[in-house]
Amino acid sequence: MAFDIDMIKGVYARMKERVDVARDIVGKPLTLSEKILYNHLWDGNATTAFERGKDYVDFAPDRIACQDATAQMALLQFMQAGKSKVAVPTTVHCDHLIQAKEGAAVDLKHANSVSSEVFNFLESVSNKYGIGFWKPGAGIIHQVVLENYAFPGGMMIGTDSHTVNAGGLGMVAIGVGGADAVDVMAGMAWELKFPKLIGVKLTGKLSGWTAPKDVILKVAEILTVKGGTGAIVEYFGSGATAMSCTGKGTICNMGAEIGATTSTFGYDESMERYLRSTDRADVADAANKVKEYLTADPEVYASPEKYFDQVIEINLSELGPLLNGPFTPDLSTNVGKEMKEKATANDWPIAVEWGLIGSCTNSSYEDLSRAASIAQQALDKGIKMKSELGINPGSEQVRYTAERDGILQVFEKLDAKIFTNACGPCIGQWARYSDPKNAPKNSIVHSFNRNFAKRADGNPNTHAFVASPEITAAIAIAGRLDFNPMTDTLISENGEEVMFEEPTGWELPPKGFEVKDNGYLAPEEDGSHVQVNVSPTSERLQLLEPFEPIGNTIKGAKLLIKAFGKCTTDHISMAGPWLRFRGHLDNISNNCLIGAVNAYNQKTNFVKNQLTGEYGGVPDVQRQYKAKGIKTIVVGDHNYGEGSSREHAAMEPRFLGVAAVIVKSFARIHETNLKKQGMLGLTFANEADYDLIQEDDTFNFLDLNEFAPGKQLTLEAVHADGSKDLIKLNHTYNQPQIDWYNAGSALNLIKRQNAS
């Protein structure tokens, strides 16, 4: 039986009326995305048709999911909100703080030892405030959500950018910062700019070596890492309905890599099969009663160009396996000859040292079974493994079932390491090197979602390529980046030329799923007696103090850093070894912007201190400005804040005294996070004005006292020679968001409202 079945039935009970009303208001057939959005309006039935990409709208999500790295800060904020219990179903999943090194048993024991303080904090806070808690080793948040909580037509938010994975079960699931989650936990509306809609029509059928992963790798090539910004991507067509539910989840998962608000699929038989196989027949039965409301109106898919802002069509029968990378998830290359040519031209290492299968993107039973079919062939044909291989099962349920069915044993016979049911290398939790910064140039292939520099192992010289689990397995066995399993032969231990046959696998386990202990702890009905203790001397956890408002007078501000090129949340607030400080704002602020490239010297963590004229690390220089009461600004390029939802990338500069971040364009979640923390997130009205910013500049905001929706702000840049430039800045703040700024943060407003 499903969790929260009464809530799910309630969503379906109101759906017909709300969608029918919305259809009349909008005056045309509705996409699935619109049906879900209009069914979750905070104010109930629609009274107006919202303009895509323009109107801010209040929504009422059904549930919240938090992973352990971001949950710390989210729950530390919620503890200040003045509430005794969360207002909507919420879960915490311990999957990020487990480092991959020796293997599951050893690594999990080590994590429980070194992170016990954090795990105990999360468990006690969850118990106190009515939050479901998934223990370390229970699984990766997004796979666990898909197995237990996702449901067609639902709306959820999560404190991780890959919350969008739940779109594989027909949800509108959106990654947010912790402050957004706190709003909903506290029983308040959640605000989102009404998304634009991108339709992706899938025709044909996947076959052979082509997998669902290749669909999103192709979409990433088409749209690039920012092409989905501000939009929901809705997949449809015969190719979509022919795909498995977990395959759909893979596609939705990597929608985060194109900047999409989320991605989703209409309810179909594959979703029904998955629900029933994961002990949620009650959800499937309820969904079947309203199934016409759990997909778009027929007219939409018949003439998609009339209803979507952009339409892409992909013939799955013509799609081949792809490798995306290195260093960006949208650089797409066909396996084999094209990869050999590109790798040679760019001096990418051809030899592959590691293959990694798993992460929240590709760790389902189906994924492991298809990769295992390639591994079994290597055993049967006498092919010796040329690379090392690591496996991260998505959940304890997947791991237990895969072990029962002999799948994990196949990998183990190839000397693969079975890591914990956790994120591991996908988020930098991989103890591959003792000195990552000076590690050698090399290539790895993985089935993860992101491949930014230093992402997996901290080594800036690791060239990471994203592929499907089956291609990852084949290339890892061959040991060559340019290997094409469809045409190339390998030499067996007997000296014979052999080829791989096409991968095979199971959409769902033939004997059904099985698990002895799924790792879930339900909260007490009344947790008022539960004590949550945070030691004042802890290095891992720190109670929060409210931010003071920045104010409407910013004069004499200095430039902290002008970031050059790609500046993701990994550059602003690194993961990996820094994950241990995610609950301690002061300590983790020591990684603030240390990965950003300084435009003036092309170095990282090396900026000019205008107080001394000397150069130093970004956090060190900023702390000196803060000590002197001097406000600073950060300047950036396009798609600033791409990547993770981690609000630490906003909270750290805020804590250290940065007043404004001014860029050519923002990634959606990061812009919202800056607003929530009471900062100025602004864009150049003229992108070329980025070039006007000089290293020794001093800045004055001339009209911040007139801060208002839709009104440009004027920045005076005073150069070292006394000359000045006036720079016009745009913003997307509405009045409630300006109220956050004036209050010092959105949380300050929540506390004020709950106290009244």
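Helices (H or I, at least four residues) and strands (E, at least two) are DSSP runs, numbered from the N terminus. Among the buried residues of helix 3 are Asp68, Met73 and Phe78. Gln67 caps the N-terminal end of this helix, with a side-chain oxygen 2.8 Å from the backbone nitrogen of Ala69.

A quick word on what you're looking at. This is a predicted model, where local features need pLDDT of at least 70 and side-chain atom pairs count only at pLDDT 80 or more, while totals for chains, interfaces and linings use all residues. Residues are numbered from 1 along each chain as its sequence is written, and side-chain values use heavy atoms, with hydrogens and water left out.

Now for the pockets. A pocket is found on a 1 Å grid over the protein atoms alone: it is an open set of points where a 1.4 Å probe fits, with protein on both sides within 12 Å along at least five of seven lines, and its lining residues have an atom within 4 Å of a point. Grid points are joined across faces, edges and corners, and a volume is the space filled by probe spheres set on the points. In the table, Ala, Val, Leu, Ile, Met, Phe, Trp, Tyr, Cys and Pro count as nonpolar, Asp, Glu, Lys and Arg as charged, and the others, Gly among them, as polar.

| Pocket | Volume | Lining by class |
|---|---|---|
| Largest pocket | about 1,100 Å³ | 14 nonpolar, 15 polar and 12 charged residues |
| Second largest pocket | about 720 Å³ | 14 nonpolar, 9 polar and 6 charged residues |

The largest pocket is lined by 41 residues, and Tyr56, Lys193, Glu671, Lys675 and Thr732 are the closest to its centre. Which element gives the most to that lining? Helix 23 does, with 5 residues. As for the second largest pocket, 29 residues line it, and Lys437, Lys454, Gly458, Met574 and Pro577 lie nearest its centre.

Next, two single residues. Thr632 is found in strand 25 (residues 632-636) and counts as buried, at 0% relative accessibility. Its side chain makes a polar contact with the side chain of Gln622, at 2.8 Å. A polar contact is a pair of N or O atoms within 3.5 Å; within protein, one must be able to donate a hydrogen and the other to accept it, and residues adjacent in sequence count only if both atoms are side-chain atoms.

Ala743 sits in helix 24 and is buried, with a relative accessible area of 7%. Leaving aside neighbours within four places in sequence, Ala743 is in contact (heavy atoms within 4.5 Å) with Phe547, Pro549, Asn748, Leu749 and Arg752.

Finally, how many disulfides are there? The count comes to 0, where a disulfide is a pair of cysteine sulfur atoms within 2.5 Å. For Cys245, the nearest cysteine sulfur is that of Cys252, 9.2 Å away. Cys245 counts as buried, at 1% relative accessibility. Why is Cys567 too far for a bond? Because its sulfur is 9.7 Å from the closest cysteine sulfur, in Cys592. Cys567 is buried too, at 2% relative accessibility.

Terms used. Buried < 20%, exposed > 50% of the residue type's maximum accessible area, 1.4 Å probe, protein only.
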